Amino acid sequence: MDSDSGSDCGDVPNFPRDLPNILITGTPGTGKTTTSEMAAEATGLTHINVGDLVKAKALHEGLDTEFDSYILDEDKLLDEMEDMMKPGGKIVDFHTCEIFPERWFDLVIVLRTDNNVLYPRLESRGYNAKKINENMECEIMQVVLEDARESYAEEIVIELQSNSIEQMEENVSRIKAWKEQWVLNNAK
Ligand code: DAT
């Protein structure tokens, strides 16, 4: 793992940027991609769908057939993303949060979904039973939330409910307001 990855809670200096970087994370199915697309539209920031990037640039070590997902090549991914993150203005959408350098992000949003809502979302994606169970357990055990809290400063990690369209719209409004405030606070 990269020596300055998010899992290090040490004194990591942020590099200056004109626009903030936001990480939107959570268990698969909680609404990361939909929320990120809407938030990018609302804020003018650029959405980076990390799963798509991994596939498009082959930043993986092949397919894990048991879970039907790619085995990430973290070093390749971080190298690919470093220059994208430097100027700021990115909304990064990924189900894992602890692999990234802490200094990349100004805000980390963890989306949460109730079990009875998440299950049918995962089913309708055609996931196999093993993958559905793994993801349900991940959400029930709050794995992503705990990883985010261990990897980033407490004050930048925000948990948001994502069960309904109304909540998603509210989340996007909050992201937009937060971004506008960040720009005011960091104006040169
Ligand atoms: P993720 O990127 O976290 O895997 P997604 O954005 O692809 O999730 O959403 C999965 C499905 O659930 C998709 O059909 C949209 C729907 N969805 C996501 N968040 C929702 C919400 N808050 N309310 C209603 N539907 C939602």
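Tyr152 is buried in this predicted model, with a relative accessible area of 2%, where buried denotes under 20% relative accessible area, exposed over 50% and partly exposed the range in between, computed with a 1.4 Å probe and protein chains only. Residues are numbered from 1 along each chain as its sequence is written. Because the model is predicted, local features require a pLDDT of at least 70 and side-chain atom pairs a pLDDT of 80 or more, whereas totals for chains, interfaces and linings use all residues, and side-chain values rest on heavy atoms, without hydrogens and water.

Five aromatic pairs are found in a search of the whole structure, a pair being two rings of Phe, Tyr or Trp (its six-membered ring) with centres within 6.5 Å, stacked if the planes are under 30 degrees apart, edge-to-face if over 60 and tilted otherwise. The rings of Phe100 and Phe105 are edge-to-face, because their centres lie 5.8 Å apart and their planes stand at 70°; both residues are buried. Phe105 also forms an edge-to-face pair with Tyr152, with ring centres 6.1 Å apart and planes at 75°. Ring pairs join Phe94, Phe100, Trp104, Phe105 and Tyr152 into a cluster.

Helix α6 spans residues 143–151 and includes Val143, which is partly exposed at 36% relative accessibility.

Methods. Helix = DSSP H or I, 4+ residues; strand = E, 2+ residues; numbered from the N terminus.
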